Structure formats: C-alpha cells, structure tokens
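Good morning, and thank you for making the time.

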Amino acid sequence: MGSTELPITLDREGALPLQQQVCDQIVALVRSGRLRPGDTVPASRELAERLGVSRTVILRAYELLRANGILTARRGSGTQVAGDPAPAAAPVPPAASAAPLTPQPPRPTDAGHTLWQPWEPPPMRRKGGSFDFRHGTPALSSFPVARWRQSLADAYGRADETTLGYGLAEGSLALRTEIAALVRQSRALHTSPDRIVVTNGATQAMDILVRALLAPGDIVVIEDPSHTVLRQIFGSSAAVVVPVAVDEEGLRVADIDARVRAHGHDPARVRLVYVTPSHQFPTGHVMSEARRRALVRWAHERGATVLEDDYHNEYHFSGDRLPALASDQDRDVVVYVGSFSKTLFPALRIGYAILPRRLVQPFLGIKWITDRLTPTVDQEGLADFISCGAYARHIGKTTRLYRQRRHRLLEALYEHFGAGVRLSGEAAGLHVLVTLPGLRGQDEAGIARRAAALGVRIYPASGYYVQDPPSEPAFLMGYAALSTAHITEGVARLAAAVQEPAARPA
C-alpha cells in the first residue's frame, strides 16, 4: 500500500512549534476519518522535503504520535496509522471506544476502601504564633527571596521568542544540565540531560508514569505505610494496588510475591514498585544496601519498573549516604523522581524525572498532551539560581538550621516523655515518627484533639497504614518550619495534652 498524501499546512510565523503543528494536523486527519487505521503516512524524509522543514521536525512529530498511540512503525511496512481496519460487518460499538480524556472521579467502591483516606488539613494559622508540626514544609522564612528575584529578573532579561513561547516538553536544557550535575554530586547518579524531563512537581511525574506504564489488570506495589496522596494517584488508575510492609531496612522485597498472591493476583503482572528508599514516608527508615540490590534485581527479573521518590533528597544528618537506586544503571529499571518543593518552596512546582531511555519518548508524549510544558522562564531562573551557587548556599544554610531544630525536637521529646519515647526517621528528611508508649486508654485522635485545643497540631500516623497500624499512639512531627522556641513550647503543650486524662478525677 502506498503512502497517503497528507494535506498539512504549516504556519512558520505562529507561536506553536512546527513539530506540534504536524502532530495536531495528523491527529485531526485521523479523527475526521481522512486517515484510517492501516494507512501508511509518508516517510519522514519525503514529508520533510514536501513541507520544506528539517527532517528532525518530522521525526520528532512521528515519535510523539507513536508515543500516544496514533501511529505505529512496522519493519518493512513503514509508519502507519495505529490499529487494524475494522471489518465492515463488525463495526466497533461506541462503548468500546477509547476512554474519555476528562478526569474521572473515584469509583463508587473507592470511598470506603482503605487505600482512600481524607486529605490532610491545611496549615494552622494562629495569631501570636503557630505550633503546627506539619511535615513536608520547609523553612520558607529563610528562603533568599532577593537572590531568587535576581535570578528571575536575569532570566526575563535574557528571554527571547523561544523562551516566551511554547518550549520543549522535556524542559529547559540549562535546568536539565544543572539537575544532572546535582544528582551526580549528591546521589552518585550519573545521567545526561536527555534522560531528564522537567515536570510540574513530583506528583505530575508520578501521574505520567501511571499513564505510561499501567493497563487494566496490572499490579502496582506500594510501601505500607505510605502517603495518602500517593495512594490516591495509584488508586485512581485501572491497575490493582498491593501494599507491602516496610521494616527498619525498608520495603520487604522478599514479601512482594506472597503479598500479591494473597490479593489473588499473579506477581508476573507487577509493572511498577513505588519506594522512598532515602527516607521512607512516614517511618523515615533508610533502605539498606542489601534491600536496594534485592529490589533492583527483582524488578529486572520480572520486567517491572521501580519508581524511586527521593522527596527529601538533600537533607541527611548522620552517617554516609547510600547512592540512589537509579545509580545502578546496569539493569536500568529505576525511574528517579525529585523536586524542589522541600529544598526551595512548594509553590515553585518544579520537579523532574530521570528515566530509562526506553521510557523517555512515552513519557514526553504524555507530558506534551497534558500541559505541553512547565513554565520556561521559571526554569531558566532556577537554572541561574543553581549555577551561581545560590542553591548550594541555601542548602548549606538550611541543613545547619534543620540540624538545630531536629536536635531541639528530640531533646524536648525526651525531656517530656522520657527515654521510653520511640523515634524513627531522625537520620534524614524533615520529620520524625514519634511513638508514645504506655498510654493506656488513649488513642491518637483523642490526643490530637486535646493538642489542637492547646494550639498544637500533630498528625496521627495510623491513617498512613493500609494494614497493621501502630498499636500505640504515633504521630508524624515535622520541624523544619518551626523555630526552636516554638518547638520547645509545642512539645510542652503536647505533653500537657497527653497528661490531661491522668489529671482528671476518676
């Protein structure tokens, strides 16, 4: 079958990149029926010559269309419209068409499922001071706003039509180059900018991976306990989510197969394993070297992908840091996801994914159709902020600050609750998990309510567990955004809330 003539017209003065114009017009031709499943499109060189553009423009457009399932390439048959022509006697009914692109609400059965938990409350706002031990919030008052403003001003001063227009889906080359240098220095992860895609926070990177990797009936393995938002990202897909317990060494890799079978599924269907090896959320445990090797080996043997969420990647307070899981590139099964939300400020909404080469194009295709790009000038400003040394100075300053606040929190907890208080996660990150033993007749919710009445907000740990929640009251306590004075007063008020029932008459 010869190739089909494509009536494509390019606007070289428009803001839309030429490759996207080619994509959009081919998609329109498919939807209108002028291009049908099995039709062969012109070779990239032929179409490039006819349109008077670089062959790279057409190659990139075809790659995006293949990543999104519009085109398919078959050896000996050229590039064709995906799908086989449907026989006239058996038209495809509307119900069998592709899933709608609009966001879908949770399925009715999800509302009461243990994977679905309420969103966490907004930060506490109180006159005269706040004692909100919220996790994941950095010391925003210590951020060098003036230097950041200068980096943004420099970025806008250099901005041209390319920077102000529709940029590359993968993000600014300058920023991707700086990210490659950062992860090489801090995480022993050697990568090139062409394997890095800039995203709107780490959450978008995870959402894109879900779309790229998971089909109905596939299995996602997550840590138990884990973040509620993370569980909702995976729970909203058509895949089955299987929680596997963690211990002091991290995810119990040897339990994966048994847990998947216990849920009535075949371990061979595991496509994605989510882990937080540098500071497990919420326990704070650091995955041991033996478990890291076992997980990468398991994923390689099963053809699964490991999603490494390094959400507190810059903050480590004791001992030598283990390299990132993704630093093992012999097997190339790990996607490394990071962001600048905890190191700079959450509203920046710049994250990134470092991908195995096999996933770069599918990831880019989905990124392009979801939002096209992360704001380019902000990326250029961040690249300048890193290259001038301001980022390293900020990390050094906040590391010293967080070390002091962490030390004060641990001291205050031992002062008020004695040596029996159990802590985990103090070696890294910006929060600790605090277990208060010996509190008979008291539950987390009651302690949290009494603490809130005294102006202190703490976060019960049980909601992060799918199975086997703590048998004693346990709380997640972040310290990065609180001064040492507020930490001291907040823990004292927490102790008063805990002791209140004992003070009541029988």
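This is a predicted model: local features need pLDDT of at least 70, side-chain atom pairs count only at pLDDT 80 or more; totals for chains, interfaces and linings use all residues.

Residues are numbered from 1 along each chain as its sequence is written, and side-chain values use heavy atoms, with hydrogens and water left out.

Leucine 18 belongs to helix α1. Helices here are DSSP runs of H or I with at least four residues, strands are runs of E with at least two, and both are numbered from the N terminus. Leaving out residues up to four places away in sequence, leucine 18 touches Leu10, Asp11, Arg12, Val53 and Val57, where contact means heavy atoms within 4.5 Å. Leucine 18 and serine 54 are 36 residues apart along the chain, and their C-alpha atoms are separated by 9.8 Å.

Glutamine 21 also lies in α1, which covers residues 18-32. Is glutamine 21 buried or exposed? With 8% relative accessibility, it counts as buried. Neighbours within four places in sequence aside, glutamine 21 is in contact with Thr9, Leu10, Asp11 and Leu16.

Let me now turn to the next pair of helices. Helix α2, residues 44-51, packs against helix α3, residues 55-67, at an angle of about 125°, and their axes are 8 Å apart. The axes are lines fitted to C-alpha atoms, for helices over the stretch in contact, and the angles run from 0 to 180 degrees between N-to-C directions. The two helices, α2 and α3, are therefore oblique to each other; under 35 degrees would count as roughly parallel, over 145 as roughly antiparallel, 65 to 115 as roughly perpendicular, and the rest as oblique. The crossing of α2 past α3 is right-handed, that is, the near helix is turned clockwise from the far one by less than a right angle.

Which residues in α2 and α3 meet? From α2 they are Ser44, Arg45, Leu47, Ala48 and Leu51, and from α3 they are Arg55, Ile58, Leu59 and Tyr62. By class, this contact has six nonpolar, one polar and two charged residues. In that count, Ala, Val, Leu, Ile, Met, Phe, Trp, Tyr, Cys and Pro are nonpolar, Asp, Glu, Lys and Arg are charged, and the others, Gly among them, are polar.

Isoleucine 70 is partly exposed, with a relative accessible area of 22%. From isoleucine 70 to alanine 82 there are 12 residues in sequence and 5.5 Å in space, C-alpha to C-alpha. Apart from neighbours within four places in sequence, isoleucine 70 is in contact with Val27, Val30, Leu65, Gln80, Val81 and Ala82.

I come now to the backbone. A cis peptide bond, with omega about 10°, joins aspartate 224 and proline 225; proline 225 is in the loop between β5 (219-224) and α8 (228-235). Another cis peptide bond joins phenylalanine 281 and proline 282, with omega about 5°, and proline 282 is in the loop between β8 (270-275) and α10 (289-302).

Aspartate 332 is not a glycine, yet has a positive phi of about 55°. Aspartate 332 is placed in the loop between β9 (305-309) and β10 (334-339) and is partly exposed, at 27% relative accessible area. Arginine 349, likewise not a glycine, has a positive phi of about 55°.

Finally, the interior. The protein has 15 helices and 16 strands, and 51% of its 506 residues count as buried. The largest nonpolar core has 83 residues, and those with the most contacts inside it are Leu295, Phe340, Ile458 and Met477. Such a core is a set of buried Ala, Val, Leu, Ile, Met, Phe, Trp, Tyr and Cys residues joined through side-chain atoms within 4.5 Å. Helix α13, residues 390-417, gives the largest share of this core, nine residues. A second, separate core of 30 residues includes Ala169, Ala205, Leu230 and Ile233.

Terms used: Buried means under 20% relative accessible area, exposed over 50%, partly exposed in between (1.4 Å probe, protein chains only).
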